[in-house]
Amino acid sequence: NNYLKVMSKVGIKYVEIGFRSFTSTTFRGSNWYTTDDYLESLKIPSSIKIVVMVNASQILNQKSILKATKLLFKPKSKSRIDMVRIACHFYEVKQSLKILKELKRLGYKVAINLMQISEQSDKKILEISKKLAQTNLDILYFADSLGSMKINDIDKIIKGIKTFWKGNIGVHMHNNLGQALQNNNYCMEQGIQWIDSTILGMGRGAGNAATEQFIIEYKNFFKKKLDIISLQNLISQEFA
């Protein structure tokens, strides 16, 4: 609750608060499941929109993609979730369009997050861009899953995606080369609309761009007055 309150204060609009997953035999924490009951128990500021991520494999491995999607997600009118981000490998995109279609029917804003894009050929990126341009997808995200991308790589991928895709683009950077913040800044300068960061850069492997650093860059770029002190207090109280 404290985290959500501070995210509102520093101007963050969308918080991806966890995964949406089927029940497993091992407990993985409330935010692995992020159930609607759990979300109802939180004090979510009116300025914050809630996002959850679902691994495409969670649904694609079930007997019926349609039934599995409806099992995980109730209609938007009955949920605190505003947006669902589908994390998928390139080979899963075609089948994931069925998930996209159902989530849109249920009323959600939907993003598809293309993983390990640095390992894909220019031809493959163009094919996916063309395929997704023919859907009602809201945001096409790509992730530097291996943390290997530099500015030139990002530039080439953005240009490839924009060949056919004319909608919003999102980026998710990993910090293996210590360039996640620099990459985020470059994407901001290129007009990319959705850019990820995490408190203290917490994330898989080398982590992500740090929110407390990126928010300062964002503040300077857009010349906005943001409550940085609240964020620093949150870090020392809850995260450090």
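All views are taken from a predicted model.

**Close-up 1. The aromatic pair of tyrosine 218 and phenylalanine 222.** Six aromatic pairs are found in a search of the whole structure. In the pair shown, the ring centres of tyrosine 218 and phenylalanine 222 are 4.8 Å apart and the planes stand at 50°, so the pair is tilted. Both residues belong to helix α10 (residues 211–222), where they are four residues apart and thus separated by about one helical turn. An α-helix has 3.6 residues a turn, so residues three or four places apart point the same way. Tyrosine 218 is partly exposed, its relative accessible area being 21%; phenylalanine 222 is likewise partly exposed, at 42%.

**Close-up 2. The aromatic cluster containing Tyr218 and Phe222.** Together with Phe221, Tyr218 and Phe222 form one aromatic cluster.

**Close-up 3. The charged end of arginine 28 over the ring of tryptophan 32.** The distance from the charged end of arginine 28 to the centre of the tryptophan 32 ring is 5.0 Å.

**Close-up 4. The charged end of arginine 85 over the ring of tyrosine 141.** Here the charged end of arginine 85 is 4.2 Å from the centre of the tyrosine 141 ring.

Conventions:
Residues are numbered from 1 along each chain as its sequence is written. This is a predicted model: local features need pLDDT of at least 70, side-chain atom pairs count only at pLDDT 80 or more; totals for chains, interfaces and linings use all residues. Side-chain values use heavy atoms; hydrogens and water are left out. Rings of Phe, Tyr and Trp (its six-membered ring) pair if their centres lie within 6.5 Å; planes under 30 degrees apart count as stacked, over 60 as edge-to-face and the rest as tilted. Helices (H or I, at least four residues) and strands (E, at least two) are DSSP runs, numbered from the N terminus. Buried means under 20% relative accessible area, exposed over 50%, partly exposed in between (1.4 Å probe, protein chains only). A charge sits over a ring if NZ of Lys or CZ of Arg is within 6 Å of the ring centre and within 35 degrees of the ring normal.
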